[in-house]
Amino acid sequence: MTDKCRICGATGHTPLWTVSGFDWVKCLSCGSLQTTKIYTQNELGRYYASDYYEGYTGRQDQGAYIDYIGQKAFIQGNLARRVRWILGQTEIPREADWLDVGCAAGFLLEVVREYGCRPWGIDYSDYGPRYARTSLAISGARQGVIEALPSDFPRHCDVISAIDVIEHVTDQHSMLTHCVQHLKAGGYLVGETFDPASLFARLTGPRWHAIDPPNHFAILSLRGIDTILRSHGLTKVGAIRLPRRLSLPAITTKFGVIGRNLSVGLYSSRLASVGVPVWLGDVVLWIYRKEIDNHRAT
Ligand SMILES: [Zn+2]
């Protein structure tokens with residue numbers, strides 16, 4: 001990598017740790033954490049093949065999930081709580097075009113459709129969108145990236161969401177910039193991201209579960225996100241830290257290789273349906289709004 005921060009473009013950084021063969025640095029200007037090397041497109045393609053979402057067998061270069069679809073109830077419960085909060089903070093119209101970037105299997109899109117929104121989703125992997133189309137009847141779920149939206153998608157959306165996504169991509173600045181470009185005037189950009197300044201992050205350092213390359217290449221600071229979005233004329237609507245309910249095996253996957261191997265057994269046991277509320281305070285759900293045209297003209 002060049003010496004520049006991939007988020008804010010500043011040059012000063014301090015080295016942190018080496019985790020799974022990736023060196024991490026912290027930008028002295030915006031406080032974002034990032035790896036010094038990132039995956040090529042070929043490496044990303046291999047990583048997000050279908051075994052990212054299922055079938056973990058212990059290989060280190062394998063994906064992050066063991067049974068993503070099997071965890072639908074937990075994941076969707078968490079997402080529904082977030083959608084309710086977002087709807088309470090905003091003036092999202094009925095029948096809004098809602099684009100979920102990094103839509104995975106379309107669990108969030110199924111929730112927003114229940115509220116009357118038109119669901120659109122893209123994901124780097126084909127596995128999730130295919131499930132959303134065939135099992136959830138969400139025809140607007142496709143493999144793709146925000147930098148090249150499918151031609152039949154609306155060019156501008158009322159809402160664009162990116163929940164647990166920004167840390168996965170290799171060019172966060174490009175992703176956020178393209179999100180802004182595909183928002184209507186007055187539209188909302190919502191995201192949930194890890195907070196490197198949270199107490200839990202500072203206490204756990206390199207053992208923080210957010211520091212897991214090549215799953216994550218950058219943990220953006222709230223200041224870094226704010227700097228990019230304000231530079232595009234967005235204003236902050238609100239932010240909140242919400243707990244998540246996780247299944248017991250989903251929690252054990254956070255504890256290294258031993259935990260992940262233990263969780264393989266748990267997923268096939270009755271404990272797979274035991275839900276545990278987790279409040280680490282290390283993720284933040286935020287909403288920004290694109291300026292309404294001629295907003296200040298009157
Ligand atoms: Zn920076």
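**View 1. Helix H4 and the elements around its buried side.** In helix H4 (residues 127–136), the buried residues are Tyr127, Gly128, Pro129, Tyr131, Ala132 and Leu136, where buried means under 20% relative accessible area, exposed over 50% and partly exposed in between, with a 1.4 Å probe and protein chains only. The model is a predicted one, in which local features need pLDDT of at least 70 and side-chain atom pairs count only at pLDDT 80 or more, while totals for chains, interfaces and linings use all residues. Residues are numbered from 1 along each chain as its sequence is written, and side-chain values use heavy atoms, with hydrogens and water left out. The buried residues of H4 pack against helix H2 (72–89), helix H3 (107–114), strand S5 (118–123) and strand S6 (141–143); helices (H or I, at least four residues) and strands (E, at least two) are DSSP runs, numbered from the N terminus. Ala137 follows H4 and has a positive phi, near 55 degrees.

**View 2. Strand S7 and its parallel neighbours.** Strand S7 (residues 157–163) is mostly covered, seven of its seven residues being buried. Strand S4 (residues 97–101) runs parallel to S7 and is joined to it by three bridges, two strands being paired if DSSP finds at least two bridges between them. Leu99 has Ile160 in S7 as its bridge partner. S7 also pairs with strand S8 (residues 183–194), in the parallel sense and over six bridges, and here Ala162 stands opposite Gly191 in S8.

**View 3. Helix H5 in the crossover between S7 and S8.** Together, S7, helix H5 (residues 172–181) and S8 make a right-handed β-α-β unit; a crossover is right-handed if, with the strands pointing away from the viewer, the path from the first strand over the helix to the second runs clockwise. Seven of the 10 residues of H5 are buried, so the helix is largely enclosed by the rest of the structure. These buried residues are Gln172, Ser174, Met175, Leu176, Thr177, Cys179 and Val180.

**View 4. The open antiparallel sheet.** Four strands form an open sheet in the order S1-S2-S3-S9, with antiparallel pairing. Its edge strands are strand S1 (13–19) and strand S9 (218–219), each of which pairs on one side only. S1 is joined to S2 by five bridges, the two running antiparallel, and Val19 has Phe22 in S2 as its bridge partner.

**View 5. The aromatic surroundings of Phe22.** The structure holds eight aromatic pairs, for which rings of Phe, Tyr and Trp (its six-membered ring) must have their centres within 6.5 Å; planes under 30 degrees apart count as stacked, over 60 as edge-to-face and the rest as tilted. The ring centres of Phe22 and Tyr39 are 6.2 Å apart and their planes stand at 55 degrees, so this pair is tilted. Because Phe22 lies in strand S2 (residues 22–27) and Tyr39 in the loop between strand S3 (33–35) and helix H1 (41–47), the pair ties together parts that are 17 residues apart in sequence. Lys37 lies over the face of Phe22, at 4.8 Å from the ring centre, the criterion being NZ of Lys or CZ of Arg within 6 Å of the ring centre and within 35 degrees of the ring normal.

Key: Contact = heavy atoms within 4.5 Å.
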